[in-house]
Each structure stands twice: as C-alpha cells, then as structure tokens.
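Please keep the sequence and the 3D view open while you read.

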Amino acid sequence: MHTQQVGQHGRRPRWWRGAVGYEVYVRSFADTDDDGIGDLPGVRGRLSYLADLGVDVVWLTPVTPSPQRDHGYDVADYLGVEPAYGTLDDLQDVLDTAHGLGLRVLMDLVPNHTSDLHPWFLDACSGRDADHRDFYVWRDPAPDGGPPNNWVSHFGGPAWTFHAPTGQYYMHLFLPEQPDLNWAEPRVWDAFDDILTTWFERGVDGVRIDVAHSLVEDPQFRDNPLLDTPPQGSGGTGSVFDRFAHIHDLDQPGVVDIYRRWRRIADAHDAVLLGEVYVLDPTKLQRYVADDALHSAFAFDAIKVSWDAWEIRTTLGPYVAACDDRLSWPLSSHDDPHAAQRFGGGEVGARRALAYLTLLCALPGVPFLYQGDELGLDDAVLPDGVAEDPIAVRLGVRGRDPQRSPMPWDDGPALGFTTGTPWLPVGSNRTATDTVVAQQQTPGSHLDATTSLLSLRRRLPALTGDAPLEWVVEEGPVVAVTRGDEVLVALHVGDGEGDARLVLPEEARLLYATDPAAFLVEGELTLPEDVAVIVALDPVADPETAPEADPAPDGDIEEVP
Ligand code: GLC
C-alpha cells in the first residue's frame with residue numbers, strides 16, 4: 001500500500017482541474033447536410049447532449065482543410081475549416097454554443113507533418129533553394145541510391161520517398177502524403193506560434209497535440225536498431241514499424257523545448273496543451289508534463305491493459321507516481337478498439353468498460369471517453385472489403401475503421417447519423433437498442449449509468465481535487481483506491497471466483513455501483529465480478545450533504561502551491 005500525493009504542484013486553467021473529456025470523431029458524429037460525412041453543425045446540434053452527459057471538455061478531431069488521406073491528420077491549411085465539415089462560422093458557432101453550455105473545446109493540432117498538398121510542401125518541392133525547402137526534412141540518397149537510413153513509416157514501408165525532380169528524399173513517419181515538418185528550422189517554430197495564437201484568439205480552449213513525441217529527429221539520422229522481439233503493445237499494427245527500437249526517430253531530446261515555448265502562449269490565453277505522447281514509460285512521459293511544458297499527456301498504457309487486476313494495478317500506479325494529476329486517461333480513442341471491445345465485447349465487454357471507467361474517474365487527472373463509450377458500444381462489424389483507414393489499406397489488417405463507424409443516435413436511417421449514405425457503414429452488429437434515444441428512454445442503460453457516474457464524480461471533491469491517492473488492495477482480483485480518508489473506488493476484475501468481499505468502516509455508504517447487485521451492509525461490501533463501486537468512507541464525503549462545486553470563473557488560472 002502506498003500513498004501518492006496529488007496536485008502538489010501545477011499551474012493550469014481552473015476549468016481543466018477535475019474535468020472529464022470526450023473525443024468527438026467529427027467525421028462520424030452527426031451529419032446535417034446528407035453527404036454521409038459528419039460536420040460541424042452536427043457537432044453543434046449535439047453539444048447539449050454532451051453537456052447533459054456530464055463531460056466538460058470536448059476534443060474535436062481535425063477539422064482543418066485536408067485531402068483526407070489520413071482523415072484530417074494530413075493538414076493542407078492550419079487556419080481554415082475543411083469544406084466537408086463546414087465553415088469558420090460553423091466552427092465559431094460550435095465554440096460559442098459550447099461555451100454557452102459550460103463546455104470547453106480542444107482542437108486537434110498536427111505539428112509533426114502536413115499534407116503533401118500544403119502550400120509549404122508544394123513550394124518546397126519546387127527546387128532545392130525554394131523558400132520553404134527547409135520546412136521539411138530532405139536528405140541525399142545513400143551511396144547506393146536508396147533511402148538515407150533504415151527508418152520506416154508507422155503505416156508500413158520506408159519513412160523516405162525519393163523526389164526525382166530535386167534529387168533528394170523527404171522524410172515521412174506516416175504516409176508519403178504526410179511529409180514531416182523540420183523542427184530544426186526556426187521558421188517552423190514561428191509559423192506554429194502564429195497558428196496557436198490564432199486558434200486561441202478565436203476562442204479555442206486548447207489543443208490536443210498529434211504525435212507530440214515525434215517532432216524532433218536525431219540530428220545525425222542514425223539507423224534504428226532492429227529488435228529481436230517486438231515489444232507488446234508498441235503500436236498495435238504488427239507492422240514493420242514495431243520491429244525497430246525507435247531510439248533515433250521518436251522521443252528525442254529537444255522536443256519538450258517546443259512545448260515550453262507553446263506553454264507561454266497557452267497560459268496567456270487560459271488554454272490547455274494536451275499531448276498525444278505515445279511513450280509507454282511513465283518516467284519518460286514525465287518529462288513532457290511540467291509547469292513549463294504540457295499541461296497533460298495521455299497515458300496510453302491505460303488503453304493497453306488487459307482485463308487483469310495485477311496488470312491494471314501495476315500499470316496505472318507508476319503513471320500516477322511519475323506524473324501526478326498531469327495525465328489524461330483514455331478509455332478508448334479513434335486509434336484503438338473501444339473499451340467494451342477490448343474487454344471481451346458484447347454485454348460483458350460493456351459491463352467491464354463501465355467498471356473500468358469508474359476506476360479511471362478515481363485517478364488524478366482527466367478521464368477521456370471516446371464517442372460511443374457512453375453507450376457501451378464495442379466496435380462495428382463492417383462488411384468485408386471496407387477499408388478507409390490507410391493502415392487497413394496498406395497493411396491489409398483490420399485497421400481503425402471499426403472504431404470509427406458512425407455514432408448511433410436513433411432508429412432512423414443510418415441510426416440517425418445521416419439521411420445520406422454514411423462514409424463508413426454503421427455496422428451490422430448495431431441495433432436500435434444501441435442508440436442514444438433508446439438508452440435515454442431506458443432507466444439503468446449504459447448511458448444512464450455513465451451519466452450518473454460523471455455527475456457523482458463532479459460532486460465529489462475527493463475525486464476531482466488534491467486528496468492523496470492510495471492503492472489499498474495489493475493482491476487478488478480487486479483493484480481499489482482511496483482518495484483521502486473520504487472515498488474508496490473498487491473494481492472487481494472478474495476471475496471466475498465469484499463475489500469479492502471488502503471490510504470497510506461501519507459508517508461507509510455506497511454512493512454508486514455499476515451494477516445493482518453490489519451492496520454494502522454494516523461495513524461489508526459485496527462486489528460481484530466485473531463491477532465497480534464508489535463508496536463514501538466518511539459521511540462528510542456524501543454528496544447528498546455536500547453542495548455541487550461552483551464552475552470556475554473564466555480566465556482563472558489556478559496555482560497550487
Ligand atoms: C495520431 C492520430 C492518428 C493519425 C496519426 C498520424 O496518432 O491519432 O489517427 O493517423 O497521428 O497523424
């Protein structure tokens with residue numbers, strides 16, 4: 001049993017503290033113009049749904065103009081809006097409506113690479129002395145005419161493409177249509193200062209930074225060593241990328257300097273920097289999150305753990321120890337299977353996903369749901385041959401399409417997502433009972449239970465504040481933490497052995513259970529498998545008697561001594 005101090009340091013906007021996040025995959029959220037593609041008016045129309053659900057921060061996947069080779073993660077203009085999604089005015093409407101509902105909005109910023117159709121890259125290709133040549137990473141061929149080193153792309157194939165007209169290779173850690181920006185070039189830094197400032201001045205509340213660990217490369221461009229055994233969970237595609245130790249192309253010294261500069265811009269606008277830092281090592285991740293660097297980074301190991309108590313405990317604990325409350329906890333994402341899918345699929349998977357979310361809600365930092373998590377959705381079953389995701393196309397694997405299928409709203413055509421033909425099928429496993437409307441009408445539905453959970457979390461200062469965290473059960477199938485002396489959150493990671501029993505103080509009161517079969521009588525808690533509970537250990541922690549915290553005033557940055 002060890003106690004972890006929480007929130008001992010840290011400057012951040014008040015509105016970020018204790019928040020719950022929600023990722024909107026804009027392309028698949030809600031379509032209003034019948035083209036089968038989600039859009040910004042669709043997002044705006046559903047913001048009150050998100051406010052009612054009880055989330056505080058909405059992260060929008062990229063809405064900037066893009067040829068959509070990687071569905072927006074190939075940006076052709078950092079300051080515009082993709083016409084398929086709407087206009088700048090539509091985005092402003094989203095921001096204004098969100099703010100009116102007390103929600104904050106994070107945009108997705110993609111600083112590692114642009115589209116090959118970005119004007120900078122078009123110019124860079126026009127000649128070796130082009131004005132923007134150095135905005136990208138160019139190298140001469142190796143002596144045999146091949147690529148300059150052995151680096152490979154996340155999406156398969158070499159990380160280098162030869163540009164015959166100028167006789168050099170350019171680097172791309174993703175698609176050839178996603179050339180990497182050169183962060184050794186000071187004008188790239190200046191360009192992004194302007195981009196961030198513009199977005200923040202438009203009222204955007206922060207950015208989720210795409211592949212934030214990836215911007216800087218080894219100045220000598222040394223080969224990456226081949227691994228004897230690819231690590232578990234290193235990226236998930238099983239591709240050639242996983243066969244290398246990425247010691248020269250990822251997580252390089254110097255990358256955090258970029259965020260130090262951005263932090264000053266963000267703080268001046270009460271905005272938040274949230275990194276997609278795909279570094280599965282808490283002590284390495286720690287370097288990215290600091291008072292003068294990122295406010296928060298996703299702990300992606302939370303999305304990698306299997307349904308195993310020991311693994312959950314030993315994986316999550318070190319992240320809290322290293323990064324305190326500067327973490328965001330993804331339940332799922334557009335890059336990973338839904339939690340319900342990962343934990344077994346169907347009813348069992350959904351039950352476990354809700355129980356796991358309950359645990360994430362007890363950890364310091366910001367839990368993030370991905371659209372559909374609140375409905376307990378697992379991934380869509382798509383017809384053979386559907387392959388929109390470049391990973392599916394290039395590597396011939398399942399890819400990320402199943403978790404990106406349209407959001408099921410009601411029992412209308414395409415389950416209420418569009419009256420046109422959806423860009424991805426809704427999935428043959430989706431039924432009318434999966435939809436938002438059906439679940440809104442069903443007491444005890446996954447949506448109902450998620451809404452109650454988020455509402456309770458908001459009313460429990462022990463979970464959203466500085467109360468120290470203690471991992472109170474060290475062995476067996478129950479993962480349990482306390483926050484201060486006030487609240488206990490316990491999760492029974494089913495092992496086939498039936499109910500678990502925990503002895504608690506006699507005055508303990510059950511505040512929330514993911515399944516009504518859990519009960520607490522005279523200090524003895526009975527916890528069925530795959531169920532989580534929130535318990536007030538001290539009557540003072542009972543929100544029945546505690547008032548709901550006031551929303552933080554605008555522009556208030558909190559400094560915790
Ligand atoms: C991030 C995004 C992913 C995208 C990749 C390249 O990992 O989340 O969807 O394909 O970056 O931009």
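G523 sits in the loop between strand 19 (519-521) and strand 20 (524-527); helices (H or I, at least four residues) and strands (E, at least two) are DSSP runs, numbered from the N terminus. Leaving out residues up to four places away in sequence, G523 touches L502, V503, L504, P505 and E506, where contact means heavy atoms within 4.5 Å. V437 is 86 residues from G523 in sequence, and their C-alpha atoms are 38 Å apart in space.

A word on the model itself: it is predicted, so local features need pLDDT of at least 70 and side-chain atom pairs count only at pLDDT 80 or more, while totals for chains, interfaces and linings use all residues. Residues are numbered from 1 along each chain as its sequence is written, and side-chain values use heavy atoms, with hydrogens and water left out.

Helix 2 covers residues 88-100, which makes 13 residues. From first C-alpha to last, helix 2 reaches 18 Å, close to the expected 18 Å at 1.5 Å a residue; that expected span is 1.5 Å times one less than the number of residues. The buried residues in helix 2 are L91, V94, L95 and A98. Seen down the axis of helix 2, these buried residues fall within an arc of 95 degrees, so they line one face of the helix. The arc is that of the directions from the helix axis to the C-beta atoms.

What covers that buried side? The cover over the buried residues of helix 2 includes helix 1 (40-53), strand 4 (57-60), strand 5 (104-109) and helix 4 (186-201). On the face turned away from the buried side, helix 2 carries the exposed residues D89 and G100. G102 follows helix 2 and has a positive phi, near 85 degrees.

In the loop between strand 4 and helix 2 you will find V75. V75 counts as buried because its relative accessibility is 1%. Outside its sequence neighbours up to four places away, V75 touches T64, P65, V110, T114, S115 and H118.

## The ligand site

Which residues are closest to the ligand? Of the 13 residues that surround it, the closest are D70, D210, E276, H334 and D335; a residue counts as near when one of its heavy atoms lies within 4 Å.

Taken alone the ligand exposes 300 Å², and the protein buries 95% of that; accessible areas come from the Shrake-Rupley method with a 1.4 Å probe, and for residues only the protein chains shown count as cover.

D325 lies in the loop between helix 8 (309-323) and strand 12 (327-330). Its relative accessibility is 11%, so D325 counts as buried. The side chains of D325 and R12 are joined by a polar contact of 2.6 Å (a pair of N or O atoms within 3.5 Å; within protein, one must be able to donate a hydrogen and the other to accept it, and residues adjacent in sequence count only if both atoms are side-chain atoms). Beyond its neighbours within four places in sequence, D325 is in contact with V6, G7, R12, R17, P364 and G365.

V366 belongs to strand 13 (residues 366-370) and is buried, with a relative accessible area of 2%. Setting aside neighbours within four places in sequence, the contacts of V366 are W16, A19, V20, G21, L327, S328 and W329.

## Two aspartates with positive phi

D34 and D251 both deserve a look at their backbone. Phi of D34 is positive, near 65 degrees, and D34 lies in the loop between strand 3 (21-24) and helix 1. Phi of D251 is also positive, near 50 degrees, and D251 lies in the loop between strand 9 (206-209) and helix 5 (255-268).

Are these two aspartates buried or partly exposed? D34 counts as partly exposed at 45% relative accessibility, whereas D251 counts as buried at 17%.

Note on methods
Buried < 20%, exposed > 50% of the residue type's maximum accessible area, 1.4 Å probe, protein only.
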